[in-house]
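Good morning, and thank you for the time. I would ask you to keep the structure in view while I speak.

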Amino acid sequence: MNLFERVQKLIKEKGLTVKQVERDCGLANATIRRWETQTPNIESVNKVAQTLHVSIDYLVNGNSLNATATRPICDGEPLSEAEADLVAMYRLVSAEDRKTIFDLTTLKYEQVTGERGSVYSTYTDTNEPQKNGSNGEPKSHHEAV
């Protein structure tokens, strides 16, 4: 089931119409119907998720409505609903925007922790170790790319 089908199902289960949900969210007519063939705007998905009282993660990925049962684990802890929503939003943006988001997060991480480098390789699918910079410290994702 894709995002459009999940939204349709939830709307039906709640006894609403697509037109009602679009109006409640401040969306133009047929916005939700276009999601069947077009990638939606993340702000619109967020508005619909809030209106239907589900997480963005559920709409995008179809994870269980019972978030505690299927919540992914990171650093030994389940992701909060907000963290899961961030992941879902991240997945909806372009590769270029993902890189920008990652670079900004890395910058903030370095400012807060005082540690240089990236934890990116910890969370990627690749088993390749990150290359070191000329000073022997790990390169940030921005430098490695």
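Predicted model: local features only at pLDDT ≥ 70, side-chain atom pairs only at ≥ 80, totals over all residues.

Residues are numbered from 1 along each chain as its sequence is written, and side-chain values use heavy atoms, with hydrogens and water left out.

Some terms next. Helices (H or I, at least four residues) and strands (E, at least two) are DSSP runs, numbered from the N terminus. Buried means under 20% relative accessible area, exposed over 50%, and partly exposed in between, with a 1.4 Å probe and protein chains only. Contact means heavy atoms within 4.5 Å.

Which residues of α2 are buried? They are Val-18, Val-21, Glu-22 and Cys-25. Viewed down the axis of α2, the buried residues fall within an arc of 100°, so they line one face of the helix; the arc is that of the directions from the helix axis to the C-beta atoms. Exposed residues Lys-19, Arg-23 and Asp-24 sit on the face turned away from that buried side. After α2 comes Gly-26, with a positive phi near 75°.

I turn to the core. A nonpolar core is a set of buried Ala, Val, Leu, Ile, Met, Phe, Trp, Tyr and Cys residues joined through side-chain atoms within 4.5 Å. The largest one has 22 residues, and those with the most contacts inside it include Val-7, Trp-35, Val-45 and Leu-59. Two or more residues each are given to this core by α1, α2 (18-25), α4 (42-52) and α5 (56-61). Leaving aside residues up to four places away in sequence, Val-45 touches Leu-3, Trp-35, Pro-40, Ile-56, Leu-59, Val-60 and Leu-92.

Finally, the charged pairs. A salt bridge is a side-chain nitrogen of Lys or Arg within 4 Å of a carboxyl oxygen of Asp or Glu, and the count comes to two. In one, Lys-9 pairs with Glu-13, with the closest N and O atoms 3.5 Å apart. Both lie in helix α1 (residues 3-13), four residues apart, about one turn. Lys-9 is partly exposed at 39%, whereas Glu-13 is exposed at 51%.

The other joins Asp-103 and Lys-99 at 2.8 Å, N to O. These two are four residues apart in helix α8 (residues 95-113), and therefore about one helical turn separates them. Lys-99 is partly exposed, at 27% relative accessible area.
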